[in-house]
Amino acid sequence: MRLIGRWLSHGLGLALALFCGVLAMQAPAFTHAYASALLQVASDARRDIDQREDSARRYYGIAAEDEAGVVVALQAHEPSNAETLAHSIAHASRLGAAYARITQSPLLLQPLTAFADAWNDPEGDKAAIWKLSWQSFTPQLDLGFAALLYGFGGLMLGALAAELVAAVTMKAKRRRLALHGYS
């Protein structure tokens, strides 16, 4: 009976460690998917802004070349459109800056940078992108250096979690035996 108990304990510990390791290996791949989604949404927003600015220039004869000048000139004709254009410009800038922060950070820190950037999202711009990236992400086994390092870290954390669970279980078992008069 002890043999089976040890076997189950070690097996569950190994399974938890492997699960955590494989899960952690996904961090670099998910970061790439999230950064690509940020770039795509920022590019789409940028195209929309450019079209709206060109339309405003043609329709109202706005001569300003920079975005701020177009917004100020449009304010005189259509304050609501000027406000939404300014919001769109800020939105595209935030997404582009997030993409730049992630891709310019060292490879091993990119997943942490992406998580911190998505976590610190006061405008709520990145939450939908993060959620969509997560929903459409396909797990993969990347054998790159960063993925292997994250996988090793996950494996170690999973092994630690398994040991903690085993220790708590053993302590509860000893208490139960002590209550019933067994030593």
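Ile102 touches Thr31, Tyr34, Ala35, Leu38, Gln110, Thr113 and Ala114, leaving out residues up to four places away in sequence. This is a predicted model.

**Nonpolar cores**
- The largest nonpolar core has 14 residues. Tyr34, Leu38, Leu95, Ile102 and Ile129 touch the most other members.
- H1 gives the most, with seven residues.
- A second, separate core holds eleven residues. Among them are Ile49, Leu85, Ile89 and Ala92.
- In soluble globular proteins, nonpolar side chains tend to be buried together.

**Helix H1**
- H1 covers residues 2-60, which makes 59 residues.
- At 1.5 Å a residue, H1 should span 87 Å.
- H1 bends by about 35° at Pro28.
- Gly61 follows H1. The phi of Gly61 is positive, near 65°.

**Ser105**
- Ser105 sits in the loop between H3 and H4.
- Is Ser105 buried or exposed? Ser105 is buried, because its relative accessible area is 14% and buried means under 20%.
- Ser105 is in contact with Gln110 and Thr113, leaving aside its neighbours within four places in sequence.
- Gln110 and Thr113 are also among the residues that Ile102 touches.

Note on methods:
Residues numbered from 1 in each chain as written. Predicted model: local features only at pLDDT ≥ 70, side-chain atom pairs only at ≥ 80, totals over all residues. Heavy atoms only, no water. Helix = DSSP H or I, 4+ residues; strand = E, 2+ residues; numbered from the N terminus. Expected span 1.5 Å × (residues − 1). Bend = angle between axes of the 7 residues up to and from the residue. Core = buried A, V, L, I, M, F, W, Y, C linked by side-chain atoms within 4.5 Å. Buried < 20%, exposed > 50% of the residue type's maximum accessible area, 1.4 Å probe, protein only. Contact = heavy atoms within 4.5 Å.
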